[in-house]
Amino acid sequence: ASWLRAFAGACSRTATRLPRRGIEEFWKGGIRDPEISAGQKQTNSVSGDPWPAVLLRMKSFDDLHKLWFVLLKEKNFLMAEQHETRQQRIRWRHHGRLKKVKLSMKRILTVLTRREIHQQVIRSKEILAKQEEREALETQRFHMEESIKVLQHKIWRAQQHDSVASNAWKATLEKYEADHSRLLRDLVPLRKDTMQLMAPDWRYSRRYSDLPGSVNWRREWVRGLQDRVWKPVRAP
């Protein structure tokens, strides 16, 4: 019995320290809160200007993420007050606060959208430079493979005759094969980076997205890689 009383006392002390975050958050400190005076309600209803885009651009993604949920909580709080005043058929005088909150949330989305567009432009420039480098290396690889095939054919034709030309062809073939292996090693990261355009970014998937609303992906295939290209049949 003693340990049961000690456990109950510890639970009660822990319960008093935990913050209460339930449905009372919708009217705590508002005009319908019975625990505060009318003067305190009037003081709490005073609000400043909405967040300007200049200050929002200076904040990081984590800060904007936190600010978004703070504004979302304030928006739900004000909409709960508005709904209750409509039920009571009394006048609600805080339309300006709700408008400021919505404007701040809209500016956060605008800042995040423009920032992401800027990052996508930088990423596209980097991928374009890698694509140009890859095309140059792929062209060099193709010509080197053709030269290797020609040398292999010459060595096969002259395999019965051990001559100076045959030894020179073999030495050149070894050099070309070493250069070909080096080109393949250099092409591995370039191919991986340039093929990322074919796959969607994980940040825009529905599971990991922090932006409101649904995110729908439409698969877009490269027309040159299709096995069968549909062509309309024209009537004669």
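His-180 lies in helix α6, which covers residues 164–194; helices here are DSSP runs of H or I with at least four residues, strands are runs of E with at least two, and both are numbered from the N terminus. With a relative accessibility of 14%, His-180 counts as buried, given that buried means under 20% relative accessible area, exposed over 50% and partly exposed in between, with a 1.4 Å probe and protein chains only. Once the neighbours within four places in sequence are set aside, His-180 is in contact with Arg-141, Met-144, Glu-145 and Ile-148, where contact means heavy atoms within 4.5 Å.

## Basis of the model

This is a predicted model, in which local features need pLDDT of at least 70 and side-chain atom pairs count only at pLDDT 80 or more, while totals for chains, interfaces and linings use all residues. Residues are numbered from 1 along each chain as its sequence is written, and side-chain values use heavy atoms, with hydrogens and water left out.

## Packing of α5 and α6

Helices α5 and α6 pack at an angle of about 155 degrees with their axes 9 Å apart, the axes being lines fitted to C-alpha atoms, for helices over the stretch in contact, and the angles running from 0 to 180 degrees between N-to-C directions. That angle makes α5 roughly antiparallel to α6, because angles over 145 degrees count as roughly antiparallel, under 35 as roughly parallel, 65 to 115 as roughly perpendicular and the rest as oblique. The contact of α5 with α6 has 13 nonpolar, 7 polar and 13 charged residues; Ala, Val, Leu, Ile, Met, Phe, Trp, Tyr, Cys and Pro count as nonpolar, Asp, Glu, Lys and Arg as charged, and the others, Gly among them, as polar.

Gln-152, found in helix α5, is partly exposed, with a relative accessible area of 40%. Apart from its neighbours within four places in sequence, Gln-152 is in contact with Leu-173 and Glu-177. The C-alpha atoms of Gln-152 and Trp-169 are separated by 8.4 Å, although these residues are 17 apart along the chain.

## Packing of α4 and α5

The axes of helix α4 (residues 61–88) and helix α5 (residues 95–157) come within 9 Å and cross at roughly 155 degrees. That makes α4 roughly antiparallel to α5. By class, the contact of α4 with α5 has 16 nonpolar, 3 polar and 5 charged residues. Among the residues that meet here are Leu-64, Trp-68, Leu-71 and Phe-77 in α4, and Leu-98, Val-101, Met-105 and Ile-108 in α5.

Phe-77, which is found in helix α4, counts as buried at 9% relative accessibility. Between Phe-77 and Leu-98 the C-alpha to C-alpha distance is 9.5 Å, with 21 residues separating them in sequence.

## The protein as a whole

The secondary structure comes to 6 helices and 0 strands, so that the elements run α-α-α-α-α-α from the N terminus on. Of the 236 residues in the protein, 20% are buried. Among contacts with a separation of 6 or more, 69% are accounted for by residues 24 or more positions apart. The accessible surface comes to about 19,300 Å², and 56% of it belongs to carbon and sulfur atoms; accessible areas come from the Shrake-Rupley method with a 1.4 Å probe, and for residues only the protein chains shown count as cover.
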